[in-house]
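Below is a short briefing for a reader who works with coordinates and contact lists.

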Amino acid sequence: MACYAKLSCVLNLFMFYFYYADAKVFSKSLEDFRNFQKPAVRTETDEIIDRLKRSALNKTELGKEDHVFSHSQNLTLLTTEFSLNGENDNEVFVHWSGTENNTVFVLTRRFKNGAIQKSTLWRSTDYGETFEKSTLPTDFQTSHMLSSPANRTQTILTDLANGRLAVTKDSGASWVVVKLQFAPHRLLLHPVFKDLVLGYDLRRLKLYVSEDFGSTWCLLRERVTERFFWAVQGVDKEPRTVHMELQDPVGPVTYFACIAPACDPVPTDKSLGNIDFYSLIVEREYIFVQKSTDDITFLYVSYNRGPFQKAFFPTNLQALDFNVVDTTDQQVFIAIDFEGNIANLYLSDITGQYYVTSVENVVGLRYPGKFDVDLVKVKGLKGIYLVNKFETPVANDMAVMSQRTYITYNKGGHWRLLDVPPEAKHLCHEPDNCHLHLHIGLTNAFLAIPLVETIAEAPGLILAHGTTGTFLDLTTSHVFISRDAGLTWIPAPFVGNYFLTILDQGGAISAILADRVPTNTVHYSCTEGATWSTHNFTEEDIIIEGVVNEPGSTTLISSVFGHADPNAGWSLFKLDYSSVLTWQCGDEDFEMWSPAPVAQNDASTGCIMGEHLVYERRKMMAECYYGADYYRPKSQQNCTCGPEDFECDFGYKLAPDGTSCVPSDWFNPDFLPAPVCTDGRYNKSSGYRRVTSSSCERGDVTLYLPVLTPCPLLPPRGLKISSPRTCVQLGTNVTFHLTQESGSEKETVYTWNFGDGTDPVTYTGLQRAAMVTRSFNAKGRFNITVTAVNSKGSAEAVFTINAEIEIYSVLVEIPWGVRTGIPSYFNVTVLGTDNDTSFAQENTLHFVWEFKNKLTGSIRQLTWQNVIQQEFKQPGEYILTLNVYNSVSSVFYTQSVVVYEEITTVRIHFSDEIHYYDSESLNIRQALAEILCHNLAQILGIRRTRIIMSVPPMHPAVGDLTVLPPYPKEDTTYMVVKNLIDQAQHKYLSFPLFTRDDVVTIMDARILDLRTGSESPTAPPITAPPITITVPVNVTMVTMQQERHSLLAVYISIPVCCIMVAIAVSVKIYYKKKLKSQRKYYPIVRHRARVHHDSTCSCGEEDILGMEEPEDTIIPDSGYPGNEPTLMILNEPVTSQTPTNNRLSALRC
């Protein structure tokens, strides 16, 4: 019953793994996660797991006394303890300042509620014997600690909370604090140039660059996601290249590369198009991106910075996520997470484009945003990997209990189970089906078991936790050591989970209990696990949180950190193994060793990846040390090629005999890219491909080589049209690119149809049809189609593009002036080339308005209509700024607008002759308004700049005359309006328009109420103090305001009235004669191109067409050549604009 309860607990824990929410995000290998020491944060579930593990481990027979090896040393380790007094932080990190450097940093942090509350940096200059606090500001909260890969003495600390950096270039002897203008969420140090650093602000999506190791920064690029990478040395031509993802404000993500610090663009494959967010990976020769539709996800890869190609995988399952696990040895290991919690491991060819199945049902670890698989590379040797897989289908609830460990010696071409150690074989319940299985990923994460330890400096040495039996036992863990790259294994004489460490390039290994059980003991071996010794490094038991040693593992010193209880401060212990390895190895202490996979068919050759390698290593029982300056000699010789140097090609699988390759059931060569044909022939796969990293040569390999075959005719598949722009300006060339995923290309006929009524264009062969340049002379939305046809089939692609008119200029109308307290209307007419105004019929424009005043500030609005209504509270001068945009262009416009407290608008009605000029044409209405403005200013005897005339698009035609306030000593607005109304009522106002015969008469003039649109036949009341003027009605108004009536006033008024009547008669006679003389003359100068900023007749302003102000003199007909009436404005170009109407650069869609 207890066993059943224990198993149920483990199964419930792993149900979290199988049913965790899958995230459709592209994730890379979690090597950083594998090397991370987790902080001491415990939960109730952790404690339950610990008790289960300890209970099971204490019962294992491997822990019995008869299996404990004898000690080989009676010497004692040198131990130094240092307590971080007063520091009870819950996180600690240890960092060495480079190799062959005695400086060690210890960072302690208090991390609570998702935030760093405080941090302290300690520094040691004697390899960790003593520490001092670094001279950083007391409020500096360290978020990250990074050292330059090019110079480990240079270190940067980030303080994200306060936007600061602390920089040292002398291993922490001095620090410089730098205040930043951005939040340093992430820093990326250049692998070669020691002072080159990238800084990223996650919230603002901005990427910065520093060329002096963080002292100064400049913006590199905006709209960058967190996926950015430095150049790969030896692959990128320019070592300062930065690869990055760019996110458009409206959503699409694209791949981009540029050279720091100026961000000069690097040519990239434009046909790639949009990619998935957070999917860019740059590793060695490869660049990976992910592209998804609603229900399908694809992987694209660029090899050696060439064009991106779609990756092909041998499955019909629906991929959810791709994980680039390993890219060494010119091949790619990729794990794919499929629906149904299925994960498979695939191996590529050298280009990373074609993949074959390596392991199915591989054990994977899924958590939000990422997934990883149980795959470990044995460092220091080519092609050796360990993997865990489920032997039972994942859909089965018991699948988690069916894990087994496999090893490969040719990078996934062939896998085999691990041999059980001879010492443990008698414990197997099924001796014929008993193997060693290791905790190498999933179980390590959930059961807090330390990861596999392997280093390049000690080739072939592997330290791991595992169990023996038919499957991996999740309730048991034991330490095993291999000194020959996994061929044979030795069990350690102690039970439980241990922090494992390799020192002195394999000269010593250590193990300290990692089950969060207090201990003071370190187990160590100087014979690669053959014999073990123990040492108590402290009198009081402590809880160990981690064991670290210098990068490269070339010294005999390691550091242990922990605490007596969670509320106590941290204690650091320096363990020096030089006291037990007292003499350096000599020639007699070494032997030659070849990592030959003796358990495989190639045992007689002793070859791995086509090479016969012979390494020098220390004899197992020679208890001496290598030394930090030891260089391991090795010899290598290429082997003769054999079956182990070949694997099944894409589209093929292993036959039941396990040695030959046969076509897969799903394989259809028609869906592959067309083969490269030379003289009508190509190399057809025989079902095999050579392992990319194999160095073998010669041998009888005829069976595995491609066969020269006539090129087949395949139907075209996967046509795609791409273009850098989806919107284009009329008359501008745009280039279209055509690509084809698979099928024959040379014999296929491609027909381009541009959808604009022009004749289709036909090409034979994809090479000729791949790029076409076209321009559009009519606006609209066009569907570009390409049809590919050969005798085997056809395919079609469609691409939509919009052709739009370029905005050339704008005209702004303010029909009735601007008055406080009343809504004022601003009308915009957008002009294209040749004064094209057809923008009005399209919903493709947007307008950004700004009204700026020194006292009231700015008023900003965005509209999609060409009319805006704006009400002003205060009089004064405002600056109107207008930006007009469409998909291909933009125009900037500005002008001064005066807001008045009192203005009056009069609506003028004309005789029937005006109907001839009824038109909605802007040019005609403006020309008509100009003529009316010119004549009325002369007739009324006022400044031309005092009146604004507009002719609205109405039938019958009317004119709206706005009278502005007077200057000093000018007639009041009331007098001007009264005079206009009186003369209109008497039909005194007649004048010609465009020719002397086009005489029009003003029939009526009425006051226009701008609020209601109603008209009044009388002038507005006088608001100014009463004055005496020469109009008789005003005399009546004056006399009515007198408070006293006397006979003397009557005697005075009678003569005055007589005099006024005489003056009025004289004035009437004068104006009749003047009007008669004016009808003899043509009143408008030639080239009357007076289209003003407000599209009315504010006549003193500069001409928008650049014409000079005409004089007020009347020019007789004889002044025109030919004496012909001409309307010159209609076809005038508008290329000459006011200096303030500057055009902006065109916008792209």
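This is a predicted model: local features need pLDDT of at least 70, side-chain atom pairs count only at pLDDT 80 or more; totals for chains, interfaces and linings use all residues.

Six of the seven residues in strand S68, which covers residues 904-910, are buried, so the strand is largely enclosed by the rest of the structure.

**Pairing of S68**

- S68 and S70 run antiparallel and are joined by six bridges, and within this pairing Ile-908 has Gly-959 of S70 as its bridge partner.
- S68 also pairs in the antiparallel sense with strand S72, residues 999-1008, over five bridges, where Phe-910 stands opposite Ile-1002 of S72.

- Leu-964 belongs to the loop that lies between strand S70 (958-963) and helix H7 (973-985).
- With a relative accessible area of 8%, Leu-964 counts as buried because that value falls under the 20% cut-off.
- When neighbours within four places in sequence are left aside, the residues in contact with Leu-964 are Tyr-900, Ile-903, Thr-945, Arg-946, Ile-948 and Thr-973.
- One of these contacts, Thr-973, is also listed among the buried residues of H7.
- Ile-947 is 17 residues away from Leu-964 along the chain, and the C-alpha atoms of the two are separated by 6.1 Å.

**Helix H7**

- H7 is made up of 13 residues, and the distance from its first C-alpha to its last is 18 Å, which is close to the 18 Å expected at 1.5 Å a residue.
- The buried residues in H7 are Thr-973, Tyr-974, Val-976, Val-977, Leu-980, Ile-981, Gln-983 and Ala-984.
- After H7 comes Lys-987, and the phi angle of Lys-987 is positive, near 60°.

**The chain as a whole**

- The protein chain contains nine helices and 73 strands, and buried residues account for 51% of its 1149 residues.
- Of the contacts in the protein chain between residues at least 6 apart in sequence, 59% join residues that are at least 24 apart.
- The accessible surface of the protein chain amounts to about 52600 Å², and carbon and sulfur atoms contribute 53% of that area.

Technical notes
Residues are numbered from 1 along each chain as its sequence is written. Side-chain values use heavy atoms; hydrogens and water are left out. Helices (H or I, at least four residues) and strands (E, at least two) are DSSP runs, numbered from the N terminus. Buried means under 20% relative accessible area, exposed over 50%, partly exposed in between (1.4 Å probe, protein chains only). Contact means heavy atoms within 4.5 Å. Two strands pair if DSSP finds at least two bridges between them. The expected span of a helix is 1.5 Å times one less than its number of residues. Accessible areas come from the Shrake-Rupley method with a 1.4 Å probe; for residues, only the protein chains shown count as cover.
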